[in-house]
Amino acid sequence: MAESTGKNALIDLRGISRVYGEGETEVRALDGIDLAIDEGEFVAIMGPSGSGKSTAMNVIGCLDSPTSGTYLFDGVEVANLTRDQRALLRRHYLGFIFQGYNLIARSSALHNVELPLIYKGMPRAERIRAATAALEKVGLAHRDHHDPSELSGGQQQRVAIARALAGNPRVVLADEPTGNLDTTRSIEIMEVLRDLNRNEGLTIVMVTHEDDMAQFADRLVWMVDGRIESDSPTQRAA
Amino acid sequence: MIWEAVKLAVQAIFRNALRSFLTVLGIVIGVSAVIAMVTVGQGSTEQVTADVEKLGTNVLMVMPGQDAMQGGPATTAIQQFNIRDNEALQEQLAIVDISAPLSFSRARAVFGNENRRTDIIGTDNRYFEAARWEVAIGRVFEPSEIQSGKPVCVLGETVRKSLFGYADPVGETIRIKTLSCTVIGLLQSKGASTFGSDQDDFVIMPIKAFQRRIAGNTDVSTLYLSVHEGVSTDRAKEEIERFMREIRHIGANEDDDFTVMDMKQISTMLSGITDILTGLLSAVAAVSLLVGGIGIMNIMLVSVTERTREIGIRLAIGAQARQVLTQFLVEAIVLSLIGGLIGVVLGLVLGFVGAQMLAVPFAPEPGVVLLAFAFSFAVGVIFGYFPARRAANLDPIEALRRE
Ligand SMILES: Nc1ncnc2c1ncn2[C@@H]1O[C@H](COP(=O)(O)OP(=O)(O)O)[C@@H](O)[C@H]1O
Ligand SMILES: [Mg+2]
């Protein structure tokens, strides 16, 4: 049984809605979602374009607050935190991977990976050690002084994964991490994520359009029109 | 965290080195102009003070009216001095060593085909003594020439050069207005003073000749005094003021209608109306710092727009609004301080060159340099705040979506 009981879930969304606009132009991007994810799970979210996947990720990642509903993160209500409190939560517990890599240009791979650690206030020497270790995990230790522009798409995305890992988060959130990559590169990225999940017990929530990529996860959540239509183990996990 | 922000700011600034330089140009110009002018001004003041001290510290000047310090022309309503005032000071006030009457006018001195507009001074031999003029060629006035107001004159070096070249002028006759005047002497040059004002540009004649033939009245415009050795400036001023009030019949509750200036005030006056200079400097500084500040605000707004995505990344990975604010504020401040630094260096170089050209001491003012940095800092804070606020208040989701 892949579906969490919700009791000790790390992420626990209850009746979450996110509404954009008002009246005529109102869009219910999330329409009463219940979703519980345990520590150590690897969850893939799929669904048609506009079904609310990114909105869900933003809420889970505390980049956005839901319009209504309850969100317990590790048992603590976080739906109504202030902007700065959400920033602290992201800083200490969450890692992000984006479709467009979102590395800081003209800044070395190492510096990009160091960035979250700077905000954590980690001393420089320790920071470089941690960032180098994270780059090693994604197989890019030898590219630490390269700028993003000198790296291939796959390499850039691995730097982004290292950045998400560096702060030692409880959850990594990846919104279409392979959306810009060819199949071979995509599989490489998925293998990195799967290994992190298996070997280090890292909790991963990932949005994808490709069934092949979703199969790397244990559990597949299908969204349609802001609702969860199905939630089941992947073939691999089954 | 501040140190990180400074490093980041320096990186961001040098990434766009040319644009950054153009941005701070306003501040560079403002700061360098102020530093250069203050440096040269200070050097000039030192030079003038030194020049004036060579005259002796016991010299005072009495002028009619109360606005003499502002350098304004005495209005006709002001009661001028006359020769009896001078003689009264000379004979009745014990502290006075020498009192010389002076009257001035600007007029053209003509010799042959040459002519020069110059200061025409009417006085007597006491002025040469009090102001320590030495004769180079010829002689000063005979008592009889002073008595009768004979049309004879003594030239300053500049007038000699201009009318006679290096020839001996003694015995020649020059014309001033309708007066034909025989040259009897040439004074030793005192050279150019500070601010390039030429101290040798004058023709001196007996005061009676001046009053009769040049001014057409019996006024004396300045009393040039030297007091006995050992009399303090304060005491001298006090006694002279008391005495002048008496002979000019000023009532107990009336203000002075004359001004007594000591060396320090004279040097301030000679060094060129310091208040006006300061005011002008402040205006230049204020305008250019304002322009510089707007430049910085503008470029920081551009920078925030260009780096929206970067800001989104920083916010997403856990930067708080305050930290993004600090980052951009520090960048604006560093930018502004770099402008200030370039301005100070450039200003000192210009000040040095200016001091060389005017032949005055190079006198940089540490206070003004510090003030320049303080103002640059303030400009960075004030004009960087609004763009930094804009960056800090970005929504991370929106910012990440931006191209
Ligand atoms: N900032 C926004 N303002 C208004 N509508 C939005 C906004 N963000 C998303 N939406 C709408 O919400 C719905 C869900 O969007 P999204 O979560 O991005 O879908 P997905 O990621 O599944 O493609 C879409 O209809 C989209 O147009
Ligand atoms: Mg999406």
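This is a predicted model: local features need pLDDT of at least 70, side-chain atom pairs count only at pLDDT 80 or more; totals for chains, interfaces and linings use all residues.

Student: Then how many residue pairs are in polar contact across the interface of chain B and chain A?

Tutor: The rule finds 11 residue pairs in polar contact there, with both residues at pLDDT 80 or more.

Student: Which helices of chain B supply residues to that side?

Tutor: On the side of chain B that touches chain A, at least two residues each come from α1 (2-15), α11 (308-316), α12 (321-358) and α14 (396-401) of chain B. The helix that gives the most is α11(B), with 6 residues.

Student: And how do the residues on that side divide into nonpolar, polar and charged?

Tutor: On the side of chain B that touches chain A, 13 are nonpolar, 5 are polar and 7 are charged.

Student: What area is buried between the chains, and how many residues does each one bring to the contact?

Tutor: About 2200 Å² is buried between chain B and chain A, and carbon and sulfur atoms give 54% of that area. Chain B brings 25 residues to the contact and chain A brings 24 residues.

Student: Changing topic: where does ligand 1 lie?

Tutor: Ligand 1 lies between chains A and B. It is surrounded by 13 residues, and the closest are Gly50(A), Gly52(A), Lys53(A), Ser54(A) and Thr55(A).

Student: Which atoms of Ser54(A) and Gly50(A) come into it?

Tutor: For Ser54(A), an N or O atom in the side chain is 2.8 Å from an oxygen atom of ligand 1. For Gly50(A), a backbone N or O atom lies 2.7 Å from an oxygen atom of the ligand.

Student: Is helix α1 of chain A mostly covered or mostly open?

Tutor: This helix, residues 53-60, is mostly covered, as 7 of its 8 residues are buried. Among the buried ones are Lys53(A) and Thr55(A), both of which are also listed with the residues closest to ligand 1. Just after α1(A), Cys62(A) takes a positive phi of about 60°.

Student: Let us move to Asn58(B). Why does it count as buried?

Tutor: Asn58(B) counts as buried because its relative accessibility is 14%, and buried means under 20%. It is found in the loop between α2 (17-55) and β1 (59-64) of chain B.

Student: What does the side chain of Asn58(B) have 2.9 Å away?

Tutor: A polar atom of that side chain lies 2.9 Å from the backbone oxygen of Val227(B). Beyond its sequence neighbours up to four places away, Asn58(B) touches Val227(B) and also Arg132(B), Leu225(B), Ser226(B) and Glu229(B).

Key:
Residues are numbered from 1 along each chain as its sequence is written. Chains are lettered from A and ligands numbered from 1 in the order in which they are written. Side-chain values use heavy atoms; hydrogens and water are left out. Contact means heavy atoms within 4.5 Å. Buried area is the accessible area (1.4 Å probe) that two parts lose on being put together, summed over both. A polar contact is a pair of N or O atoms within 3.5 Å; within protein, one must be able to donate a hydrogen and the other to accept it, and residues adjacent in sequence count only if both atoms are side-chain atoms. Helices (H or I, at least four residues) and strands (E, at least two) are DSSP runs, numbered from the N terminus. Ala, Val, Leu, Ile, Met, Phe, Trp, Tyr, Cys and Pro count as nonpolar, Asp, Glu, Lys and Arg as charged, and the others, Gly among them, as polar. Buried means under 20% relative accessible area, exposed over 50%, partly exposed in between (1.4 Å probe, protein chains only). A residue is near a molecule or strand if one of its heavy atoms lies within 4 Å of it.
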